[in-house]
Amino acid sequence: MTTPLADYMQREGISDADLATLIERDRSFVNKLRRGVVRPTLDLAAAIETHTRGGVPMQAWARRTTEEEVA
């Protein structure tokens, strides 16, 4: 499964290290974000949206729930 962040980074040719520098986090954390292992805080999601010029909007991190998860 690919993530919006992974799609953006591949499309733009941005490495984990490049994004890590922009958002002031370490490369291993960006790797986890890109793979969908972790999700950012609201503040970090906003920073990612800003640094990607809207390429990865905050809404991309919202988890969709199914009816089974709600019940």
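From the N terminus on, the elements of this protein run α-α-α-α-α. That makes 5 helices and 0 strands, where helices (H or I, at least four residues) and strands (E, at least two) are DSSP runs numbered from the N terminus. The model is a predicted one, in which local features need pLDDT of at least 70, side-chain atom pairs count only at pLDDT 80 or more, and totals for chains, interfaces and linings use all residues. Residues are numbered from 1 along each chain as its sequence is written, and side-chain values use heavy atoms, with hydrogens and water left out.

**The whole chain**

Of the 71 residues of the protein, 27% count as buried. Here buried means under 20% relative accessible area, exposed means over 50%, and partly exposed is in between (1.4 Å probe, protein chains only). The accessible surface comes to about 5100 Å², and 50% of it belongs to carbon and sulfur atoms; such areas come from the Shrake-Rupley method with a 1.4 Å probe, and for residues only the protein chains shown count as cover. Among the contacts with a separation of 6 or more, 38% are between residues 24 or more positions apart. A contact means heavy atoms within 4.5 Å.

Let us start with H2, whose buried residues are Asp16, Leu19, Ala20 and Ile23. Seen down the axis of H2, these residues fall within an arc of 105°, so they line one face of the helix. The arc is that of the directions from the helix axis to the C-beta atoms. The cover over the buried residues of H2 includes H1, H3 and H4.

In H3, the residues Val30, Asn31 and Leu33 are buried. The buried residues of H3 fall within an arc of 160° down its axis, so they too line one face of the helix. Their cover includes H1, H2 and H4.

**How the helices meet**

| Pair | Axis distance | Angle |
|---|---|---|
| H2 and H3 | within 8 Å | roughly 105° |
| H1 and H3 | 6 Å | about 110° |

The axes are lines fitted to C-alpha atoms, for helices over the stretch in contact, and the angles run from 0 to 180 degrees between N-to-C directions. H2 and H3 are therefore roughly perpendicular to each other, a term for angles of 65 to 115 degrees. Asp16, Ala17, Leu19, Ala20 and Ile23 of H2 meet Arg27, Val30, Asn31, Leu33 and Arg34 of H3. By class, this contact of H2 with H3 has 6 nonpolar, 1 polar and 3 charged residues. For these classes, Ala, Val, Leu, Ile, Met, Phe, Trp, Tyr, Cys and Pro count as nonpolar, Asp, Glu, Lys and Arg as charged, and the others, Gly among them, as polar.

H1 and H3 are likewise roughly perpendicular to each other. Leu5, Ala6 and Met9 of H1 make the contact with Val30, Leu33 and Arg34 of H3. The contact of H1 with H3 has 5 nonpolar, no polar and 1 charged residues.

Threonine 3 lies in the segment before helix H1 (4–12). With a relative accessible area of 8%, threonine 3 is buried. Not counting residues up to four places away in sequence, threonine 3 touches Leu33, Arg34, Arg35 and Gly36.

Histidine 51 has its place in helix H4 (residues 42–51) and counts as partly exposed at 33% relative accessibility. Leaving aside neighbours within four places in sequence, histidine 51 is in contact with Tyr8, Leu22 and Ile23. Histidine 51 and leucine 19 are 32 residues apart in sequence and 8.5 Å apart in space, C-alpha to C-alpha.

**Positive phi values**

Most residues other than glycine have a negative phi. Glutamate 24, however, has a positive phi near 60°. Glutamate 24 follows H2, in the loop between helix H2 (16–23) and helix H3 (27–35), and is exposed with a relative accessible area of 69%.

Arginine 53 has a positive phi of about 50° although it is not a glycine. Arginine 53 is found in the loop between H4 and helix H5 (67–70), and is exposed with a relative accessible area of 65%. There is also glycine 36, which follows H3 and has a positive phi near 80°.

Conventions
Parallel < 35°, antiparallel > 145°, perpendicular 65-115°, else oblique.
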